[in-house]
Every structure is written in structure tokens, then in C-alpha cells.
Amino acid sequence: MSYSRLLTYGDVIPLKFECNADRLRQEIKEFEFTQYNPRKPHIPRSGLSITSLEGKLDGIDLDSIVEYNKENNVHYTEMSFKTFTPVYYKSPELQKVVDPWKGHLGRSHILHLPPGGYFPPHRDLARYREEQKSMRILVPLKDCNPPALYFVYDGQVLNFELGRAYFVNTNKSHSLFSYLWSYMIVLNVECNETTYKIIGDNFLHA
């Protein structure tokens, strides 16, 4: 299977993997979230790393990787951040939605958008002239549906089941705006035959 073949099944695909969202948030309550993309501090949003470069909660993976690479003359990619942080080990509920991708997981975190937090319209993984190297799995945890949060995908507002894992083709334009206190897991998963098969074998509605 290829990424383009996967998309014949849909751009937003609910999967069988799920967790108890409320219990997960209780399991990680001791950890402090870090500003997401500190180059844009005017946008209220933060993240808690599930994976990082060395398993530390140092926030490098929550920065703009493109800008960080330029400033520090390094060449990190989404798949450079593979080491699990203490957040992963603290939460059995988190492990339920992460473990299916073990060995294929890159930069991943829990995203928090307070009231006024947003992402303007953008495309995450579109790399024209390049082969698709990674894809997104999202797990909404709290206040991820209207009127708490509007996730506008390709011109339509999405509604999610909390705690459910979703494959989302983020090559298409999407934006988010939060009115309450939204939490969502964002996993970057390597594109390969194994991960395509994991998705294909775990469609919620086969």
C-alpha cells in the first residue's frame, strides 16, 4: 500500500484504538505544558512531549523545527524525535493509543489550546516533489468539538469521539480555534508498509 492508496479509504478515518481521555489527563496532571512554537508567544497554545530527542521535556520538539534547524545548523526531521519521555511511562491510557505505532513513532505530543488558542489555515505534511515520509494520528481528549473547538478541515467542521484515534490527512488545508480548554494528542507516524497495514487492519467501520 502507498499513502495515496490509503487516501482512497478517506481523509479522516476513525480507528479501533482508544483510551479513557479523562483518566489519561489525571495520569499526567503532574507535568507542566510548554509553550508551543515559542517564536509565536502571542498565540496561546502549549504542548507536552510524548517523544523528544533524548527523552527530555526540553521543548526542542515543540519549537518550529525548520527555524530551529536554521539557527543551530542541524537537520532534524519529524522522525528525529523518537525517544519516549516520562509522560509516556506515566500514563497507561496514553500507551493504549501510542503502543500500536511503537518503532514507527516520531515527534509526538499532547497539544493544549486554551480559549483563544488557534492554528491558522495550513498544511502540515505537504512536501511537494518528495515522497510522503510521515503521517498524522490524532486523539482528541477534551473540548475538541463545537462549540468548544472548531477544527475546520478542507472547508468542513469535524466532530470527534473523545479518546478515539483518527488518521487525518493533514496535507489538506485545516485550521483550529479554541473557545474553551482543548486537549488533543498529535502523533507523527512513519509512512511504511507496516503502518499502512496497522491502519488498514484497524478501521473502526470496516
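Does Gly163 count as buried or exposed, and at what relative accessibility — which is it? At 1% relative accessibility, Gly163 counts as buried (buried is under 20% relative accessible area, exposed over 50%, partly exposed in between, with a 1.4 Å probe and protein chains only).

This is a predicted model, where local features need pLDDT of at least 70, side-chain atom pairs count only at pLDDT 80 or more, and totals for chains, interfaces and linings use all residues. Residues are numbered from 1 along each chain as its sequence is written, and side-chain values use heavy atoms, leaving out hydrogens and water.

Let's stay with the glycine. Gly163 sits in the loop between β10 and β11, and its contacts (heavy atoms within 4.5 Å) include Phe17, Val97 and Pro140, not counting residues up to four places away in sequence. Helices (H or I, at least four residues) and strands (E, at least two) are DSSP runs, numbered from the N terminus.

Next, the sheet: 4 strands form an open, antiparallel sheet in the order β7-β12-β9-β10, and strands pair if DSSP finds at least two bridges between them. Its edge strands, each pairing on one side only, are β7 and β10. Strands β9 and β12 are joined by 5 bridges, and Leu149 has Ser178 as its bridge partner in β12.

Finally, here is helix α6:

| Group in α6 | Residues |
|---|---|
| Buried | Thr195, Tyr196, Ile198, Ile199 |
| Exposed, on the face turned away from the buried side | Glu193, Lys197 |

The buried residues of α6 pack against α1, β1, β8, β11 and β13.
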